[in-house]
Amino acid sequence: MIHFPVNEHRQPRVDWLMIIAILGLMITGALFVYSATMANESAALTPWYNQAWVRQIAWYTIGSCAMATLCVVDYRILARWSLVAYVITILCLIAVPIIGVDRFGARRWIDLGVFQFQPSEFAKLSFILAMGNFLSRPLDELKLMRVFWKAIGMIALPFLLIMKEPDLGSALILLPVGLTMLFVAGVPPRYINTLVGASGILVALILIDVLFAPPQWQLKLEDYQKRRLLTYFGIDGAAANATPAQKAEARRTQRNYSYNVDQALISVGSGGLMGKGWREGTQNALGYLPRAVAHNDFIFSVIAEEKGFMGSVTVVALYSVLLFTGIRIAGQARDRLGKLLAVGVVAMLFSHVFINIGMNIRLMPVTGVPLPLLSYGGSSVLCSLIAAGILQNVYIHRRS
Amino acid sequence: MIVFDQLKKNDPYLRALTLAVLLGIGILVAGLWWVQIISYRHYTENQKSQSFRTVRIPAIRGKILDRQGVAVAENRPSYNVSLYLDELREEFRAEYSRSRQPQWVTNSLPFWKRWLGFNPVKKQYSKLTIPQRRALEAQVRYRVASNVVQQVSTILQQPIPFTFGDFMKHYTNQLALPLPVLVNLDPQQVARLLEGAANPPGIDLEIQPTRYYPGTNLAAHVLGYLVRDNRSLEGEVADFNFRLPDYRGHVGIEGEFDAELRGKAGVKSVLVNSLGYRQSENVWMAAEPGKNVVLTIDAALQQAAESALQSAMAGVVKGAAVVMDPHTGDVLALASSPSYDPNLFIPRITTEEWRRLSDEKLKPQVNRAMQEKYAPGSIFKAVTGLAILEAGIDPAEKIYSPGFIRVPGRNKPIEDLAEKGEYDFKKAFIKSSNTYFITNGTKAGIESIIRLGQRLHLGEKTGLLSSQETGGSLPKLVDVRRGWIAPDTAYICIGQGRLDVTPLQMAVMISAIANGGKVLWPRLVQRIVPADPNSDETVIQFPTRPPRDNLGVSERTLAITREAMLADVEEGGTGKAALVPGMKIGGKTGTAQITNPRGQIVGHTTWFASCAPFENPRWVVVVMVEEGSSGGGTCAPVAAKIYRTIQKLEAEERPSVASNDR
């Protein structure tokens, strides 16, 4: 498996550009997790090994090791085990509602004693592997309706299970990833068009139902999910015949729910061109940006406030390097499996970046989607680095 | 660029993917541009308005000084104990966890969890709904704060009322500001608090300048008082979240010169966190202290005038005394009785005190020297006398008085308190003969008397503290020419009828007689000086104004009148009680009848108007007492006391009391 290219100058073993981008993101992540958490006086009192930024660096280290380990094994061998990984993931997802632990009102974690892990994060990876493996069959087979439905089923199963947790954000990520992989694999466009069209209509119908239909006709969404949607669309949800007091109450609730987004927007907007300086951001230090989310889902607000437009564009540029090197790796892949895996990873990373940053500037509704490599959190960091490892793996074993 | 290589390759799928990613990144960058560059100002404003609270800091009020530089209104430090709630947050937290005792519960765990070593015993808190939690938090905060207040109360040995309602009001409205616990500590309490090593947390001793009138009632009507008012003056920053207690001058000098005395309020910004607790403070704009106002009043003389007035009669004296420099118009004393203590208004007047100050009969708030009008009575005979002499009537010519005078058009004769007999000008003046002045005044003509009144600007305000002044009333020439009957003239000749004046106007009148005919503008404020004598701010001067008018009578007329006034005091006239050894005083008494609508006499307004020394008058003293017995009996002794003080002050090596501060 391991072969030694003759001309090492033109054929480097790893994609250094991507490694640099990842390093840049990890340094940024450590710096701003520090900034976001150390503003709190009580955080400074916790022992150093329990501080968020130290833990984040520990996860970076573990993730980097996982990434390096992953590169040793050819992705084709990994793909052979993908079905096993997929099945284990599905079992974990089924287990979450039974043995999982609650945090922030959702049951997404499994307690392993040492740490709590989030199966939905790893589900994304095993899904990419399994889907890549499944779609790398001969092109003719992909034209069969039976194969297409199987692929749809592979998307739907984890999607519904994650949706059930509830983790709308992670579930939604599976859709663009699956669709992109189907598209690049060469599934006839009419299937995809039908699928996109159908799901588009479905989403639109759900939205209309949730936002405007009378209560007895509405889908049973979790209350907070409905709130987030209402918040995003700026509807206070008061009935047309409500009394002024009820309407005021509805508006007040809506303001409470939109608080996070409003504060994130103020953080980003008040950063201006150059920002207020590292650890100088007031939104986070004074607690306007809720401390519970500042270092994970809303880490981008902290960066944007403290480093301004220059900082946020730098972050976006680092992600761009990561994504475009990923696409280039897809183009250079030895086989369709490699190309599909690379495309799947790129689609996953891109969806995370777009949804998370979009949420910080109110382009997207609030869904708990972390920003890869920057947001605090072991599962997310580990997954992102493993995903990058898959890309490197495809690159190392590219066609010569 | 190297990463775009694949675009050139013939792979439509990847090309589409690249375009999609590029588009997505473009949207993000555009969105960021919009939020961070285009809308920067908007979001910065939002951020500021939610995290900064501006606090208005009142400036130190300027002093009011008398002509010798003695402060009659100044500031003294007031020591207040404040509680900084943000320093109690740890205590709040600790108390909260104390008041929520956890329960230890044993859960039944599935076998595999027990096998993995999970502890079935767990700490659990009883669940609270959000309103329950809020209520508990509020209770906890109040408990902690009230404990601290209790400790302060023990240290200061004074009970401090502190209710839940007070606390919540402060907590919801003014969290960014310290909570005032106790204001106006006495020196012992300050010492106890300062030496106490075990002061409770969050407690701070603050010094706040507070208005103070060292003379208590001294010149209260001139100085005015302050009322609580935190509003911004025009031209100041008006947009504050919080305002520290401030005062506005209401009447008197405090009211009239409020803008100068008040200074310019400063701005302090308090950075608050998302819970509204104070994080840090920063003074954006320091307050500029107010300017000092220097009066023409002489505090010592004012004090003398006030106590002399008090002694006019038994019981509460309702009256006024004015001391004026007849050459400049400087008001040296302006007393009004009953008076009040303007200190009572700091920090806030009690309802009971206010009721006392609003007494319908006593009217302690009214400045009787200029805010109330009275019939001048016989002191107006000085003016009638000027008209008689100017009309060419020989002062030596005698008139017989039968003790009353019949006036055509009036059934009842007008009484004359002077005994019957022959009267020339001087005798008529010192005995205050109605018969003489009505007879000769009518001969001189009402129009000439009215003209003199007009030149004295009776019926008009003098412009001193305009909001507290009345102009009085004087018939117009038009009135005199139409529908005017003989009794009307008769009454004007003896200072009654359709004529009302203020004691201040009478001081101007006597000054004109004393200084050779110049009708002066009275002056109360000399200058306004910056609080810091070294500052390069300009001193605003209010120089003596050129005379307002001239009596237009001959020097001979004035000299005869002055001699008659001197005789009234020194030659056994009605004003003999004003006699002061070593000082030649000229005066005229007056006792005006106050009649009810049915024409019955219900009381007397008594007067004594004078000037001294005779050779070159430097002081004019006018005393008026309501419901006195007579001008000579009630008011002349008051004037004598004032003159004696002047004598004493002159003897002291003080800069001349009447020195013209020019």
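Which residues of α20(B) are buried? They are Pro503(B), Leu504(B), Gln505(B), Met506(B), Ala507(B), Val508(B), Met509(B), Ile510(B), Ser511(B), Ala512(B), Ile513(B) and Ala514(B), where buried means under 20% relative accessible area with a 1.4 Å probe and protein chains only. Helix α20(B) is thus mostly covered, with 12 of its 12 residues buried.

This is a predicted model in which local features need pLDDT of at least 70 and side-chain atom pairs count only at pLDDT 80 or more, while totals for chains, interfaces and linings use all residues. Residues are numbered from 1 along each chain as its sequence is written, chains are lettered from A and ligands numbered from 1 in the order in which they are written, and side-chain values use heavy atoms, leaving out hydrogens and water.

Helices here are DSSP runs of H or I with at least four residues, numbered from the N terminus. Helix α20 of chain B, residues 503-514, reaches 16 Å from its first C-alpha to its last, close to the 16 Å expected at 1.5 Å a residue; the expected span is 1.5 Å times one less than the number of residues. Just after α20(B), Gly516(B) takes a positive phi of about 95 degrees.

Leu465(B) sits in the loop between α17 (446-455) and α18 (477-481) of chain B. Leu465(B) is buried, at a relative accessible area of 5%. Beyond its neighbours within four places in sequence, Leu465(B) has contacts (heavy atoms within 4.5 Å) that include Val222(B), Met370(B) and Leu524(B).

Between the chains, 41 residues of chain B are in contact with 48 residues of chain A.

The structure holds 3 cavities of 30 Å³ or more. A cavity is a set of points on a 1 Å grid over the protein atoms alone where a 1.4 Å probe fits but cannot get out, and lining residues have an atom within 4 Å of a point. Points are joined across faces, edges and corners, and a volume is the space filled by probe spheres set on them.

| Cavity | Volume | Lining includes |
|---|---|---|
| Largest | about 60 Å³ | Glu121(A), Met348(A), Cys383(A) |

Terms used
1 Å grid on protein atoms, 1.4 Å probe; cavity = no way out; pocket = protein on both sides within 12 Å on 5 of 7 lines; lining within 4 Å. Helix = DSSP H or I, 4+ residues; strand = E, 2+ residues; numbered from the N terminus. Buried < 20%, exposed > 50% of the residue type's maximum accessible area, 1.4 Å probe, protein only.
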